[in-house]
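Hi everyone, and thanks for coming. I'd like to walk you through a structure that may be new to you, so please have a look at it first.

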Amino acid sequence: MKLKTLGEFIIDRQQDFPGSSGDLSRIISAIRLASKIVSQQVNKAGLARHILGGAGTENIQGEAQQKLDVYADERFIEALNNRGNVCGIGSEENDDFIELNKDGKYIILMDPLDGSSNIDVNVSIGTIFSVCKRKTEVGKSVELKDFLQAGDDQVAAGYVLYGSSTMMVYTTGNGVNGFTYDPGIGVFFLSHPNMTFPKENKIYSMNEGNYNKSSKGIQDYIDYCQEVDEKTNRPHTGRYIGSLVADFHRNLIKGGIYMYPATTSSPNGKLRLLYECNPLAFLTEQAGGKATDGKQRIMEIKPTQLHQRVPYFVGNTEMVEKLESFIAKE
Ligand code: AHM
Ligand code: MG
């Protein structure tokens, strides 16, 4: 079997676009580098805490002990800054955007370590990223408007899943490809070419503790998922990890829908439009699926705030449309 590395894949793709500046390739390879560093740290998180945590807030070199999500944030910012073509980063970890190289043409939006409440219990977590061209002139300071771009303006997006193996899945608008990391030699290999949602309506994923805090349409859809009906192969299977990247990845491979609706305590839902919803929506549409806030296509929403939250329903098109039909009846 001929194995293709992520590095070879990036070069091949760049050659498909003669005259391209190679900027996107440089960004993807910066993300690849940071994700290897974070992956290594994630794998020893429990051990590091055991060895270093008891000594208080300092590690063995006398540096302040960092939480893994702050560590991931710093590694991604560092790697992207080193490439020189990124002018700013908006991150779930930081209140405001960070300005990098004024001459850079691209901005990055990212959730450096999504599902971080799962770190302590040894459950899969991930990184989500989105890449857009800046709106302001190259050479000037970045502004908020560079970051408040609709999902349709993304030029690349993806995630890294730190699971039973580490995987990177991304799109630049020409399909979705997944790469599995071999930590022995430090290389990502193309393992999931041209990923698409399977047709089967199989899995539904929601924090069902929120059932009674959700709207009637959501409750009716959950009831529908649980109903016994041989013809439509129901009940669907319920699966919820509580790490968006891991839930999304499983549903992309097996067929399913992920839901984080508005609730009485979180009227806009929990997930962030720019760091979580838009990048996964871009991947979803590229993989033949659908992403909506229940009424509108996620990627059409014009953001007004950096940390904006939206209700989120994403996955297999048929399942998302079924859910929308319940919401429409509310
Ligand atoms: P985080 O970015 O602070 O980690 O929060 C996002 C996470 C998602 O990964 C996950 O799907 C969701 O929050 C789980 O929320 P809940 O515990 O309310 O079900
Ligand atoms: Mg998150």
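Let me start with one residue: Asp 23 is buried, at a relative accessible area of 7%. Buried here means under 20% relative accessible area, exposed means over 50%, and partly exposed is in between, with a 1.4 Å probe and protein chains only.

A quick word on ground rules. This is a predicted model, where local features need pLDDT of at least 70 and side-chain atom pairs count only at pLDDT 80 or more, while totals for chains, interfaces and linings use all residues. Residues are numbered from 1 along each chain as its sequence is written, chains are lettered from A and ligands numbered from 1 in the order in which they are written, and side-chain values use heavy atoms, with hydrogens and water left out.

Back to Asp 23. Which residue does Asp 23 form a salt bridge with? The partner is Lys 105, and the closest N and O atoms are 3.0 Å apart. Asp 23 sits in helix α2 (residues 23–43) and Lys 105 in the loop between β2 (98–99) and β3, so this pair ties together parts that are 82 residues apart in sequence. Lys 105 is partly exposed, with a relative accessible area of 33%. By salt bridge I mean a side-chain nitrogen of Lys or Arg within 4 Å of a carboxyl oxygen of Asp or Glu.

How many salt bridges does a search of the whole structure find? There are 17. Another one joins Lys 290 and Glu 324, at 3.1 Å from N to O. Lys 290 belongs to strand β12 (residues 290–292) and Glu 324 to helix α9 (residues 317–328), so here the parts tied together are 34 residues apart in sequence. Lys 290 is partly exposed at 23% relative accessible area, while Glu 324 is buried at 17%. There is also a network: Asp 152, Glu 285, Arg 297 and Glu 300 are joined by salt bridges that share partners. One more pair to point out is Arg 234 with Asp 229, 3.2 Å from N to O. Arg 234 is buried, with a relative accessible area of 9%, and Asp 229 is partly exposed, at 21%.

Now let's turn to the sheet. Eight strands make an open sheet with mixed pairing, in the order β2-β1-β3-β4-β5-β6-β7-β8. At the edges stand β2 and β8 (187–192), each with a single partner strand, so one side of each has no neighbour in the sheet. Two strands count as a pair if DSSP finds at least two bridges between them.

Is strand β4 (residues 125–133) mostly covered or mostly open? Mostly covered, with eight of its nine residues buried.

Next, the ligand. Around ligand 1 there are 15 residues, and Glu 92, Tyr 240, Leu 244, Tyr 258 and Tyr 260 come nearest. A residue is near a molecule if one of its heavy atoms lies within 4 Å of it. At least two residues of this shell come from each of β3 and β11 (256–260). Looking at the side chains, an N or O atom of Asp 114 is 2.7 Å from an oxygen atom of ligand 1, and Tyr 258 likewise has a side-chain N or O atom 2.7 Å from a ligand 1 oxygen. Taken alone, ligand 1 exposes 470 Å², and the protein buries 78% of that. Accessible areas come from the Shrake-Rupley method with a 1.4 Å probe; for residues, only the protein chains shown count as cover.

That's my tour, and I'm happy to go back to any part of it.

Definitions and conventions: Helices (H or I, at least four residues) and strands (E, at least two) are DSSP runs, numbered from the N terminus. A polar contact is a pair of N or O atoms within 3.5 Å; within protein, one must be able to donate a hydrogen and the other to accept it, and residues adjacent in sequence count only if both atoms are side-chain atoms.
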